[in-house]
Amino acid sequence: MTWRVVHVKDSERIRLKLDNLEIFKRGQTYLIPLSDISMVVIEGQATITTTVLAKFTKFNIVLIICDNKYLPTGMMLNYGNYHHCAKRVMEQVNWSDENKQAVWKQIVGQKIKNQIEFAAYKGTPPERIATMCELLAQLEDGDVTNREGHVAKVYFNSLYGMDFTRDDSCLINGAMDYGYAIIRAAVARIVVGQGLMSMIGVFHRNEFNSFNLVDDLMEPFRPLMDYWIDRHVLADYEYLTYEARLTIIDFINQPMRYGSIKSSVDQVMQKYVNSFMKAIANTEVNVHEITLQDFMEVER
């Protein structure tokens, strides 16, 4: 089971030593087994060879590349390593609109419930909680009336003020952008590892987006990241520092409940995607519910 998220900042050289990743930095050498790694995040100056990149794809390790502002701007994933990849693609193409709309209601409903839970945790006035609950009650298959968008407006304004927008240049948005990119990469790794085509979504259908399905499946985890950032970044940092970024990345390794079992967020994501594949094929099966409470109540 892979579990390490490796963050590399200003490394002199990254290469392979047998099936280990060898990192040289400031006269020190670090060896990490590839079989332990789920994700590598690279920022600053670093030299990496195509041999290393090829190994990453063989071991289903997602590589995230950050820009000079330390924000993730790209990622590399494996391609076609799943043994029944063609079968998965044909299944996706044959997903019925009815099934997709029903599953999307489940997924976006989970996100809204988690947003309401976090807003209540932060002491949002009862009337605003009531508004979000009313919008949730109006949710339909396929969210044809865009209850998600209406809830999002109430949610962010309740948390960060009526003048707040997601376009503002501030620590809150910078941390959320970074955190959502980490979630997106983690879910993308699982999606392609299961042989699914990431561009064929359930709700998201942008012809220019290679990760429509990923953007669908990551939605319930966004409020969990909001909670994590609020607890461990906004309270301790004024800027998106190196330490703050490491804290955000560590979200993936945090424990949460999955039924009666305690797993890491990354492991829960894997099980959640598996449940999605069953639900999309059978309307009588539900996608496993991702709840903020399952994340909040579990401690190391």
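Trainee: Which residue forms a salt bridge with Glu219, and how far apart are the closest N and O atoms?

Mentor: General idea first: a salt bridge is a side-chain nitrogen of Lys or Arg within 4 Å of a carboxyl oxygen of Asp or Glu. In this structure the partner of Glu219 is Lys111, with the closest N and O atoms 2.9 Å apart. Glu219 sits in the loop between helix 7 (212-217) and helix 8 (222-232) while Lys111 is in helix 3 (residues 97-121), so the pair ties together parts 108 residues apart in sequence. Before we go on: this is a predicted model, where local features need pLDDT of at least 70, side-chain atom pairs count only at pLDDT 80 or more, and totals for chains, interfaces and linings use all residues. Residues are numbered from 1 along each chain as its sequence is written, and side-chain values use heavy atoms, with hydrogens and water left out.

Trainee: How many helices and strands are there in the chain?

Mentor: Helices (H or I, at least four residues) and strands (E, at least two) are DSSP runs, numbered from the N terminus. The chain has 11 helices and 9 strands.

Trainee: Back to that pair: are Glu219 and Lys111 buried or exposed?

Mentor: Go by relative accessible area: under 20% is buried, over 50% is exposed, and in between is partly exposed (1.4 Å probe, protein chains only). Glu219 and Lys111 are both buried. For the chain as a whole, 50% of the 300 residues are buried.

Trainee: How many salt bridges does the structure hold?

Mentor: There are 16. Take Lys55 and Asp19: their closest N and O atoms are 3.2 Å apart. That one also links distant parts of the chain, with Lys55 in helix 1 (residues 50-58) and Asp19 in the loop between strand 2 (13-17) and strand 3 (20-25), 36 residues apart. Lys55 is partly exposed, at a relative accessible area of 27%, and Asp19 is partly exposed too, at 39%.

Trainee: Where are Arg245 and Glu43, and how many residues apart are they?

Mentor: Start with the contact itself: their side chains meet in a salt bridge, 2.5 Å from N to O. Arg245 belongs to helix 9 (residues 242-249) and Glu43 to strand 5 (residues 37-43), 202 residues apart. Both of these residues are buried, as are Glu219 and Lys111. Salt bridges can also share partners, and here they join Lys9, Asp10, Glu43 and Arg245 into one network.

Trainee: Which parts of the chain does Glu22 contact?

Mentor: A contact means heavy atoms within 4.5 Å. Glu22 is in strand 3 and is buried, with a relative accessible area of 6%. Setting aside neighbours within four places in sequence, Glu22 touches Arg13, Ile14, Arg15, Leu16, Lys17, Thr29, Tyr30 and Leu31. Across the chain, 63% of the contacts with a separation of 6 or more are between residues 24 or more positions apart.

Trainee: What is the phi of Leu18, and of Asp143?

Mentor: Leu18 has a phi near 55°, a positive value in a residue other than glycine. Leu18 is in the loop between strand 2 and strand 3 and is exposed, with a relative accessible area of 76%. Asp143 has a positive phi as well, near 45°, and is likewise not a glycine. Asp143 is in the loop between helix 4 (126-137) and helix 5 (147-160), but this residue is buried, at 5%.

Trainee: What is the radius of gyration of the chain, and what would a compact globule have?

Mentor: The radius is taken over C-alpha atoms, and the globule rule is 2.2 Å times the number of residues to the power 0.38. With 300 residues the rule puts a compact globule near 19 Å, and the chain's 20 Å agrees. Along the principal axes, the C-alpha atoms fill a box of roughly 60 × 50 × 40 Å.
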